[in-house]
Amino acid sequence: MRAADAAPNPWFDASYVVENWGTILRYLGEHVRLTVAAVVIGALIALPLALLARRVRWLAAPVLGFSSIVYTIPSLAMFALIFPFTGLTATTVLVGLVVYSLVILVRNFLTGLQGVPGDVREAAEGMGYGRFRLFWQIDLPLALPAFIAGLRIATVSTVALTTVGVLVGHGGLGQLIFGGFNSNFYRAEIVTGAVGCVLLALFADVLLAGAERLLTPWARARS
């Protein structure tokens, strides 16, 4: 099927892509689903943590410190910790990706919230803004650039980390890279997986950058 043992062994082979297009799309779909789910869930966890750390100042250092320590855990060890509870499933990969995304998201979300001028918040409170309205109309717009910067970094990082999921059989495009190494170093399969990851990361980054421009027109006007 792959002609892995045929000579020559090119770095790119269009026939491989055509013949295996269905498989490539399947792995790409898994890669996208894992990345999107991990970043969304990570953001939903990171935002309350950042709000809590901003409100209770002494919690900021422990929250950031804990998330940084978790990020240093090797992926092999992380999967070994998760595996007894989730088995050889995509959930094992998803949980690991969410945990790794938190250090980036919590730090950037907290930085954005701390960058909101205190006098602006005090003026809004003096005008009768409640906690929810204060966040929605003051904190969120002013912190949005830092929020999206965190999402961009976390997304690109997650695209790369998802490939490690090959350890449990759910590595998205990483399955192609792993399959190429297992097929006598079949270069076309390895490069297809690697290039696919790079293009996916670039596409996601451009998409989020465009979203930032649309959501922060005032920043665009200043520049």
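Analyst: Rolling a probe the size of a water molecule over the atoms shows where empty space is left. On a 1 Å grid over the protein atoms alone, a pocket is an open set of points with protein on both sides within 12 Å along at least five of seven lines, a cavity is a set where a 1.4 Å probe fits but cannot get out, and lining residues have an atom within 4 Å of a point. Points are joined across faces, edges and corners, and a volume is the space filled by probe spheres set on them. This is a predicted model, where local features need pLDDT of at least 70 and side-chain atom pairs count only at 80 or more, while totals for chains, interfaces and linings use all residues. Residues are numbered from 1 along each chain as its sequence is written, and side-chain values use heavy atoms, without hydrogens and water.

User: How much space lies in the largest pocket?

Analyst: About 460 Å³. Its lining has 19 residues, and R54, R55, R121, L134 and D139 are the closest to the centre.

User: Which element supplies the largest share of that lining?

Analyst: α7, with 5 residues. Helices (DSSP runs of H or I, at least four residues) are numbered from the N terminus. The lining divides into 8 nonpolar, 3 polar and 8 charged residues; Ala, Val, Leu, Ile, Met, Phe, Trp, Tyr, Cys and Pro count as nonpolar, Asp, Glu, Lys and Arg as charged, and the others, Gly among them, as polar.

User: How many cavities of 30 Å³ or more does the search find?

Analyst: The search finds 1. Residues lining the largest cavity include F79, Y100 and L161, and α5 gives the most, 4 residues.

Terms used. Helix = DSSP H or I, 4+ residues; strand = E, 2+ residues; numbered from the N terminus.
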